[in-house]
Amino acid sequence: MTELTEKKLKEKFSDFITEVIYFRNEQTFIVNKSQILNILTFLRDDPELLFNFLIDLCGVDRAKRNDRFEVVYRLFSLKNKQSLRIKCRIDENDLNIDSVTGVFGTADWHERETYDMFGINFINHPDLRRLYMPEDYQYYPLRKDFPLLGIPGSIPLPKK
Amino acid sequence: MKTTSEQQTQKSKILESLLLKNTGFYIDDALESGMVLNIGPQHPATHGVLRLLVQLDGETVIGCVPELGYLHRGYEKIAENSTYHEFITHTDRLDYLAPLSNNTAFTLAVEKLAGIECTPRAKYIRMLISEMARIASHMVAIGTMAMDVGALTVLLWAFREREKLQDIMDVLTGARFTTSYTRIGGVANDWTSQCSSMLKKFLEEFDHNLDEMEKLLNTNKIFIQRTENLGVISAEKAIDMGLTGPNLRASGVEYDVRRAIPYLDYDNIDFNIITYKEGDALARYFVRCDEMRESAKILKQCLDKIPQGPINTHDPKKVLPRKADVYTKMEDLINDFMIINFGINPPVGEIYSSVENPKGELGFYLVSDGSGHPWRCKIRSPSMVTIQSLPLLIQGHMVSDIVAVIGSIDPVMGEADK
């Protein structure tokens, strides 16, 4: 099944797949972020693959000079009981990626969380607000340059 | 300091998202008495610190925006700064109604990343504790749901059963709630014969007690009328919204991680996946009731099948040694020191591992850079995803139905807010 997925994806999007990784029986595709909507739509609608369940979507800060951030999608096929990971690398200078809320409704809050924690901007997201942190918070807590103890004074205390 | 105008803009951002959203929901005979109601964060019916902003027309809900973050403790950040062993204690505080399943979920993820497998006996102990946690959690779910729609007795009867399980957990782990029981490569304490006899006694009475509880609700006209056809979600929509666990199975989708991606020894256990077609609040209640019966079935089989043998894998670089050995043997002292201070150093790579928790699929996405700390630990919490679909479920219902729907989807804020 994993071979079929790889073959089909490479046929269709050969120019946009940078790398395929296998680790502990898990398949990971690193793809170009410009095609993420097309790739996820293809994986969802292909009659043989049917990756119709977006289990998880999250960001990763790799703390590298180039392509600092990653957005990770984890898909599951309810029919084939098969899962798959898609990753897009995002440069710090261009923190934009297409929102996939149109393909999977569940992506809505996952993308809001990723925006909240990493500051990645999801284009065409219906309601891109912070999910956990206060609305007027200025920092992105899960970035590696954010200290564990937080930044003193960044959340004002209530008036006595 | 925030000025008053800034505070006002902050408020209006949440309000904007409520008022500007095109819900596509209109009432023909609009009462022209629209108002915005704020429910929570401190409200007993929201099961924690969930805040809802509800737009009303008369008493009908037109739109709803849930607001999270009141219990956000930054567990993903904490995970990045603690060793894999240290983070096990934090998983107790995720879904605090079923800490034992969270412990199991996290250790399974770390074991997959590090490439070790626990012993057969530890597998069975983990299955026992997971199923015990499932029954305990569903008991609270059913009890509080019944309480939300006005049936108080069920809550007390549910907690009576739950209390027996808590006693077993107390004997087994030494704590009732914050158990921190599993270890990488095994579990902390062995399953004793005292636990077995306590669990057997519980299981003997359980079917009868559950029947009694169900009699209170299943023939209760008020309960049925309050929950039937309430908060209906179709199978396609439920998949699209990423629902998992009992909430998904109540819509007729047969997805259970224990069967879909088998872990531990669930392959060799006989149990059914409970599905209902209706997808309403009542179906979600029925799924939970029937799942508890299946859990009891699994527990009985585990008690019969549990093998003898060690509870910890032999892998000195990754598995903590016994305390008695640390005090008496040089190598174990060194290994203990290295594991505690520098961590278990799994290879560079990334994995996702998930288990079927009482609330749904709890997954951990771990990225390792080869050091003792995870580089990234993402918690895929089922409750957060469930609350996301709340606006869909309560649209068009009455204000008093909101609490019934929240009770039926059974979110836990400790997990939703991470």
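**Close-up views of a predicted two-chain model**

**Figure 1. Helix α3 of chain A and the residues it buries.** The buried residues of α3(A) are A:A107, A:D108, A:W109, A:H110, A:E111, A:R112, A:E113, A:T114, A:Y115, A:D116, A:M117 and A:F118. The model shown here and in the legends below is predicted. Since twelve of the twelve residues of α3(A) are buried, this helix is largely enclosed by the rest of the structure. Elements of both chains contribute to its cover: the buried residues of α3(A) are covered by, among others, β3, β4 (69-77) and β7 (121-123) of chain A, together with α15 (382-388) of chain B. The length of the helix can be checked against its residue count: at 1.5 Å a residue, the twelve residues of α3(A) should span 16 Å, and the end C-alpha atoms are 16 Å apart, which agrees. Just after α3(A), residue A:G119 adopts a positive phi of about 75 degrees.

**Figure 2. Strand pairing around β4 of chain A.** How many bridges join β3(A) to β4(A)? There are eight, and the two strands run antiparallel. Within this pairing, A:L57 stands opposite A:Y73 of β4(A). β4(A) is also joined to strand β5 of chain A (residues 82-90), by nine bridges and again in an antiparallel arrangement. A:Y73 has a bridge partner in β5(A) as well, namely A:I86. In the hairpin of β4(A) and β5(A), four residues lie between the strands, and A:K81 takes a positive phi near 55 degrees.

**Figure 3. Chain A as a whole.** The secondary structure of chain A amounts to three helices and seven strands. Along the sequence these elements follow the pattern α-β-β-α-β-β-β-β-α-β. Taken along the principal axes, the C-alpha atoms of chain A fill a box of roughly 60 × 30 × 30 Å. Of its 160 residues, 39% count as buried. Among contacts in chain A between residues at least 6 apart in sequence, 47% join residues at least 24 apart.

**Figure 4. The contact between chains A and B.** In this view, 29 residues of chain A are in contact with 37 residues of chain B. On the side of chain A that touches chain B, the elements giving two or more residues are β3 (53-61) and α3 (107-118) of chain A. The largest share of that side, six residues, comes from β3(A). By class, the side of chain A that touches chain B has 16 nonpolar, three polar and ten charged residues.

**Figure 5. An open three-stranded sheet in chain B.** Three strands of chain B form an open sheet in the order β6-β7-β8, with antiparallel pairing. Its edge strands are β6 (349-357) and β8 (374-380) of chain B, each of which pairs on one side only. Direction ignored, neighbouring strands of this sheet are turned by 15 degrees against each other on average. Nine bridges join β6(B) to strand β7 of chain B (residues 360-368), and these two strands run antiparallel. One position in this pairing is B:I351, whose bridge partner in β7(B) is B:L366. Helix α4 of chain B (residues 99-114) packs on the sheet and touches β6 and β7 of chain B; the helix direction makes about 155 degrees with that of β6(B).

**Figure 6. Chain B as a whole.** Chain B contains 18 helices and eight strands. Its radius of gyration is 23 Å, close to the 22 Å that the globule rule gives for 418 residues, so chain B is as compact as a globular protein of that length. The C-alpha trace of chain B spans about 80 × 55 × 35 Å along its principal axes. Of the 418 residues of chain B, 50% count as buried. Residues 24 or more positions apart account for 71% of the contacts in chain B with a separation of 6 or more.

Conventions. Residues numbered from 1 in each chain as written. Chains lettered and ligands numbered in written order. Predicted model: local features only at pLDDT ≥ 70, side-chain atom pairs only at ≥ 80, totals over all residues. Pairing = 2+ DSSP bridges. Axes fitted to C-alpha atoms, helices over the stretch in contact; angles between N-to-C directions. Contact = placed C-beta atoms within 7 Å. Rg over C-alpha atoms; globule rule 2.2 N^0.38 Å. Buried ≥ 20, exposed ≤ 12 C-beta atoms within 10 Å, placed from the backbone. Nonpolar A, V, L, I, M, F, W, Y, C, P; charged D, E, K, R; others polar. Expected span 1.5 Å × (residues − 1).
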